[in-house]
Amino acid sequence: MKKYVALIFVIILLFCGCNENNNVTKKLTNDNLPDYQYMFSGGSRMTSIQKTQGGYYVLSGDFIYYIDEKNMNTVPLCNKTNCMHTLDDKNCNAHFESLDGTYNMQVYKDKIYILSKELVEDKDGIANYKSVLYRLSLDGSEKDKFYTFEKLIYSFYIVDNYIFYDTMSEDKEGSYESNINNSIYKKSLDGNDSPKLVVNYSDYKGHYKYGCTIKNIYKGKLYVYECYQTVENIEEAKGEEAKQWNFVIIDLKNGKRIKELQMNNNSEENYFAGICHDKLLRSVINNKKKTETFYLSNLDGSNPKKLFVQKMNKDATVKYEVICDDKYIYSDNVNDKSAKKRWVEVYNTSGEKLSRVYYPDENTGIHLSVQGDDNYFWFENDGVVFVIEKTQFLNNNGKLEFKQIT
């Protein structure tokens, strides 16, 4: 049913905006853009969006759209004559079909790079799951398979003409999952060189399973979650030391640790929250006290400054959803299942609470996304994309108003 609705939607878009789409992005460049590094993260509940001069690129419902910043008109990013932009048209430049429904996207030097998971046949005709990186022009006129990775990729970041990525490794049963003996690699964006190892987790510290997830790359530093098991069979393990997590800061050039914050330290866990005003925002959860304390520090983790404390209800088992931009810190209580109302609190970089705003009752299923820019937050709910103007978040005790984009 959802596919038919999406089909009707893209056909309507075709007739309403196709002529505009032919010329809307040809003059756009990506030179000297502001730093949108906090938009580079992605996930199954987040809208893939990238900002460029004059507009936005959004991945939603197996299509990439261009949205004009001035009037917020939406068109599929395909310049092919007579293309219907349908879900069945695999030749449509705007259409992507990742096997697990998730994508990562980044705009870099006037090109759009999109990561998709597909079945790819090897030279013997055997099909295997592979991560494929596509490259598109900003006006949607060109699309090609730029690179097929040897392993499945969890996420990628393009920095200084290199693709940095963390792999997903195969376990004994032949299934893929993240955080199992994976490593961090880099590959030149311009050449045919082989991938180079940046951080090796293949058998790190002799543990049974060890892996990582890149949370961000910013100003020469990798911000990484590390996970390892101290025993072979986690289900038969006893005690709290069977599985460990670390949050580490790694030098991008030499792969050496700058700072290591152990996440299982008695009852405390350290988490990466983002980069705010050129500072590292992180939190420490105390599971016994049911609190999450936020700190702003230098990018290398030094000189932490305590900002504010979130008190979780006794039934809450996971942390608040806290994100940031270059001005403010936003705390969403979406994960607190015992809360009667959905709200977002806004703090400045000194830890002062500026406001608390509320979700409308009909939109409580929408998830505050890390994707954003200086003007909007972007949301996705069941394949429909919404935006909220950021000025609304400073309206204390107000109710957020969503604008539907797709």
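Residues are numbered from 1 along each chain as its sequence is written, and side-chain values use heavy atoms, with hydrogens and water left out. Because the model is predicted, local features need pLDDT of at least 70 and side-chain atom pairs count only at pLDDT 80 or more, whereas totals for chains, interfaces and linings use all residues.

In the larger of the topics treated here, that of nonpolar packing, a core is defined as a set of buried Ala, Val, Leu, Ile, Met, Phe, Trp, Tyr and Cys residues joined through side-chain atoms within 4.5 Å; buried means under 20% relative accessible area, exposed over 50%, and partly exposed in between (1.4 Å probe, protein chains only). The largest nonpolar core has 26 residues, of which Tyr 223, Phe 247, Phe 272, Ile 275, Leu 280, Leu 281 and Ile 329 touch the most other members. Among the elements that give two or more residues to this core are strand S15 (221–229), strand S16 (243–251), strand S18 (268–276) and strand S19 (279–286), strands being DSSP runs (E, at least two residues) numbered from the N terminus. The most is given by S18, with five residues. With residues up to four places away in sequence not counted, Leu 280 touches, among others, Tyr 223, Phe 247, Ile 249, Phe 272 and Ile 275, where contact means heavy atoms within 4.5 Å. Apart from this core lies another, of 22 residues, among them Leu 59, Cys 92, Ile 114 and Leu 138. In soluble globular proteins, nonpolar side chains tend to be buried together.

Salt bridges, taken as a side-chain nitrogen of Lys or Arg within 4 Å of a carboxyl oxygen of Asp or Glu, number 13 in the model. In one of them, the side chains of Lys 51 and Glu 69 meet at 3.3 Å, N to O, and this pair links distant parts of the chain, with Lys 51 in strand S1 (residues 48–52) and Glu 69 in the loop between strand S3 (63–68) and strand S4 (74–76), 18 residues apart. Lys 51 counts as buried at 10% relative accessibility, whereas Glu 69 is partly exposed at 24%. In another, the closest N and O atoms of Glu 118 and Lys 145 are 3.5 Å apart; Glu 118 lies in strand S6 (residues 111–121) and Lys 145 in strand S8 (residues 143–148), so the pair ties together parts that are 27 residues apart in sequence. Glu 118 is buried, with a relative accessible area of 13%. A salt bridge of 3.5 Å, N to O, also forms between Glu 345 and Lys 353, of which Glu 345 is buried at 3% relative accessibility and Lys 353 partly exposed at 45%.

Gln 310, in strand S21 (residues 305–311), is buried at 5% relative accessibility. Its side chain is joined to that of Ser 331 by a polar contact of 2.6 Å, that is, a pair of N or O atoms within 3.5 Å, of which, within protein, one must be able to donate a hydrogen and the other to accept it, residues adjacent in sequence counting only if both atoms are side-chain atoms. Leaving aside neighbours within four places in sequence, Gln 310 is in contact with residues including Lys 290, Tyr 320, Trp 343 and Glu 345.

Key: Helices (H or I, at least four residues) and strands (E, at least two) are DSSP runs, numbered from the N terminus.
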